[in-house]
Amino acid sequence: MKKYTKTHEWVEVIEGNKVKVGISDHAQDQLGDIVYIELPEVGSEFKKGDTLTTIESVKSAEDIYAPVSGKVTAANEELSDHPEIINEDAEGKGWIVEMEMSDPSELNDLMTKEEYEKFLEEEEG
Amino acid sequence: MTIFERSKKGRRAYSFPEYDVPEVDLKIPEHLMRSEKAELPEVYEVDVVRHYTELEAKNYSVDRGFYPLGSCTMKYNPKLNEDMSALFRWLHPYQPEETIQGALKLMYELKEMLMEITGTDDMTLVPSAGAHGELTGMLIIRAYHLDRKDYKRSKVIVPDSAHGTNPASAAMAGFKVVELKSSDEGLVDLKELEKELDETTAAIMLTNPNTLGYFERDILKIAEMAHEAGALLYYDGANLNAIMGRARPGDMGFDVVHLNLHKTFSTPHGMGGPGSGPIGVKEELREFLPVPVVRKDGDRYYLDYDLPKSIGMVRSFYGNFGVLVKAYTYILTMGRDGLKMASDMAVLNANYLKKLLSEFYPIAYDKDGKRACMHEFVADGTKLLKETGVKTLDVAKALLDRGFHAPTVYFPLIVHEALMIEPTETESKETLEAFANALKEIVEEAKKNPQSLKEAPKNTPVRRLDEATASRKPIVKWSRK
């Protein structure tokens, strides 16, 4: 089950403390055509809320924040040549990194899909 | 079609008469000779003229029509500026100083006038353009802190409404960038600023009026807070056209003041320059200016390279001199009152256009459409997108079909469907009204037939470009098939 941040990242537990991280479908829609994503180095460590990486679309360049603390164990190399995968399938094939969480309890602070959708409605007012 | 594709073997634009003197062997060493043919285009003179005239006709410029590109100050540039600039075309940068006294005098007097306009104590005219000036300014700030042996100053505060070049220039100069969230009025939030300001803050970079077109009315307080924390205040000159001759960044408390001569002081610009980005500084920073600085000794003008604490040279020679001549001409022909009137009219034009648009297009950070703006304002297409599915991008393309250059889109980033409009002082009431009518027509079309706007532009030399592919797989060089 995916959990979401207010800054529009998603995180999903694969097994144990291992998670996949990406940006929400809403985020990709807001960004428009994505032209570049910098992939974080495998092995680098982040605290929750740190800038994980940056993403560029035809409209703007934005930071992507680490939804949980931990170490990057894999990056979706396919995105280097085909960043448009994020536009096509942000919450599936468009995953950005795999991380090993250092504090799984952080997941409790994040929103469920329903909560995130409600958050989006409120944000758009 | 490129000029290369027009080439036909053997065609010449000009043929030299046959030799009537014996050929001389210059004995050019083999390694200096080219091994492949240059393969320059072979065309008649008329082909060259028609080719470039055709390209010119396809181009859009401020000489052709209204160009309300927000934050770019696309004002009309008097042709006299060009004529004056051409007078200097035979100068060479390696000429001895005593043979270029007139050029140095012009630079010196321009510097003095710009210092008067900005309220600064010294200035470099060397930086080649806006972002280059920004980097120069940030390097001066860095040198200042290091010279005071204040090694903790590692971060620069930049509002979330800033031009993208601000964080980029600060990062290039080695600083960590901290983004400052704007208040719900679209201004610097003093509480947020207080939280970020500390003994590690090197500078705050501000644009005033900011990119939403609003004046930072707390600027004196902001300067006081910055200086109390030991930080410097940097002025992004992109929007100087709003206050030129009326208010001086130096008096507001800015320590480093950046200018875009090519915008505010009238030089044709955009997409490659040449530009000019002088940096004015307060007394305590003058020793860090890049070299050379133009100085006067009695009746003699000279280039001063003797600044031991200078950040060094930031480019070859002395700056884009042609642009300096244009700015000098512009200031002298406008005069003190003319410059004031230019900024007055820039602000009046923006407010008039904003009023026309606010009847049918929401304005960012302005709920009832009554807030006064400075030289530009940001229209917000969020509502239009929600109601019709028509994006700001579609609106911009539809404006091209109606003979206007599009405003700046999707900037500043804090307005999602931003349409940033800066009419400048050189446009007539009729032009502003024609533009407002075109935009109104587009909004009505969006409600009736949104699909037609998705297909815009239809009347331009090329239709909608595939920006995503252009960014993902750019082809930057023509190659022979």
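The domain assignment, which is automatic or taken from a database, divides chain B of this predicted model into domain 1 (1–58), domain 2 (79–333) and domain 3 (336–470). The C-alpha centres of domain 2 and domain 3 of chain B lie 29 Å apart. Their contact takes 19 residues from domain 2 of chain B and 19 residues from domain 3 of chain B, where two residues are in contact if their C-beta atoms, placed from the backbone, lie within 7 Å. On the domain 2 side of chain B, the residues touching domain 3 comprise eight nonpolar, eight polar and three charged. Here Ala, Val, Leu, Ile, Met, Phe, Trp, Tyr, Cys and Pro count as nonpolar, Asp, Glu, Lys and Arg as charged, and the others, Gly among them, as polar.

Residues are numbered from 1 along each chain as its sequence is written, while chains are lettered from A and ligands numbered from 1 in the order in which they are written. In this predicted model, local features need pLDDT of at least 70 and side-chain atom pairs count only at pLDDT 80 or more, whereas totals for chains, interfaces and linings use all residues. Chain B averages a pLDDT (the predictor's confidence in each residue, from 0 to 100) of 95, and 100% of its residues score at least 70. The model has an ipTM of 0.71 and a pTM of 0.89.

A helix pair in chain B is worth a look. Helix α4 (residues 130–147) of chain B packs against helix α5 (residues 165–172) of chain B at an angle of about 45°, with the axes 8 Å apart; helices (H or I, at least four residues) and strands (E, at least two) are DSSP runs, numbered from the N terminus. Axes are lines fitted to C-alpha atoms, for helices over the stretch in contact, and angles run from 0 to 180 degrees between N-to-C directions. The angle therefore makes α4(B) oblique to α5(B), since angles under 35 degrees count as roughly parallel, over 145 as roughly antiparallel, 65 to 115 as roughly perpendicular and the rest as oblique. In this contact, G130(B), A131(B), E134(B), L135(B) and M138(B) of α4(B) meet T165(B), N166(B), S169(B), A170(B) and M172(B) of α5(B). By class, five nonpolar, four polar and one charged residues take part.

Two loops of chain B hold cis peptide bonds. The bond from V291(B) to P292(B) is cis, with omega near -5°, and P292(B) sits in the loop between β7 (279–281) and β8 (293–297) of chain B. The bond from F411(B) to P412(B) is also cis, with omega near -5°; P412(B) is found between β11 (408–409) and β12 (418–421) of chain B.
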